[in-house]
Amino acid sequence: MNYDMLVVGSGPAGLAAAVAARGRDKSVLVVGNPWQESPLARAERIDNYLGLPGVNGRELMEHFSAHAQRVGVEFHTGRVVAVMAWEGFALTAGSEVFQGRTLVLAPGVARLAKYPGEAELLGRGVSYCATCDGMLYRGRAVTVVGRSKDAPQEANYLKSLGCQVVYAAAKRPETLEEDIPFVQANRLEITGAQTVTALVADGAPIPCSGVFILRDAVAPTDLLPQLETRENAIRVDRSMSTSVPGVFAAGDCTGGPLQVSKAVGEGLVAALSAAEYLDRRCSEPVSYTHLTLPTICSV
């Protein structure tokens, strides 16, 4: 299904955007972790959310999620590992691919410390998605840096493709296939000139052509490198538009203050701006030299 709006993040900003979009009769898919894993859900008491002083964070998130479900928002639980911008957007979460006409980024704050060499070799041997890039390394040596609960499954998948897999983590996971070599390591570095040549684990190099870094989250700027940032936050204007047409952002990922009220308000604005963007594109006349614009309109 091709949704009118894909929302990355199931916190207050993402859910506010989804509810507002449904109010404009747009189809919406929210991709993210279960709401119970939201940082807000772990807050014992919130005193600065208007009209609800002293509310419990879990209770507030439960209300947000129930509201979204009641108005017809669809959900997919998973970690977004790749986004492709072409005739709309294609979003990869695990082994699933979803299509949307607009994209709202609301993943919260990405507290992701990069390994030495990771940023420099991204796209030249460093990948965040085994499903997306695994076939490129069939018959070649790769290492998997396991930092997420689904990392062992992705390592097993790479092995099934014919990759020569080594798994590096602080502890060997139980679900990793027994014949996949495991390296216990905490200090990691990726080396190579033009492309990856090795993962250095606690000082010992593991020669390889690719390094798959599988964390619980991927920073938005790694998903869409075209995004402009300011002070480590996604740069947006008052309409919550980013530097990428059709992409909007809301919540903690746009910078402080890191407050629920701000996240909810920005989610609303982002969704209304995305709906206006869709309506405007749908009203444009068909160009007979480029017949792609009508495909973004809802049927």
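A disulfide is a pair of cysteine sulfur atoms within 2.5 Å. The model described here is predicted.

## The disulfide

How many disulfides does a search of the whole structure find? It finds one. The partners are Cys 129 and Cys 132, with their sulfur atoms 2.2 Å apart. That distance meets the cut-off, because a disulfide requires sulfur atoms within 2.5 Å. In general terms, such a link is a covalent bond between the sulfur atoms of two cysteines.

Which hand does the link of Cys 129 and Cys 132 have? The link is right-handed, with 70° about the S-S bond.

Cys 129 is buried, at 3% relative accessible area. Cys 132 is partly exposed, at 35%.

## Other cysteines

Cys 253 is another buried cysteine, with a value of 7%.

| Residue | Relative accessible area | Class |
|---|---|---|
| Cys 129 | 3% | buried |
| Cys 132 | 35% | partly exposed |
| Cys 253 | 7% | buried |

## Backbone: positive phi

Now to the backbone. Glu 87 is not a glycine, yet its phi is positive, at about 50°. Where is Glu 87 found? It sits in the loop between strand S4 (80-85) and strand S5 (89-93). Its relative accessibility is 36%, so Glu 87 counts as partly exposed.

Glu 231 also has a positive phi, near 55°, and is a residue other than glycine. Its place is the loop between strand S15 (229-230) and strand S16 (233-234). Is Glu 231 buried or exposed? Glu 231 is exposed, with a relative accessible area of 78%. That value puts it in this class because exposed means over 50%.

## Backbone: a cis peptide bond

One more backbone feature involves a proline. The peptide bond from Gly 256 to Pro 257 is cis. Its omega is near -5°.

Note on methods. Residues are numbered from 1 along each chain as its sequence is written. This is a predicted model: local features need pLDDT of at least 70, side-chain atom pairs count only at pLDDT 80 or more; totals for chains, interfaces and linings use all residues. Side-chain values use heavy atoms; hydrogens and water are left out. Helices (H or I, at least four residues) and strands (E, at least two) are DSSP runs, numbered from the N terminus. Buried means under 20% relative accessible area, exposed over 50%, partly exposed in between (1.4 Å probe, protein chains only).
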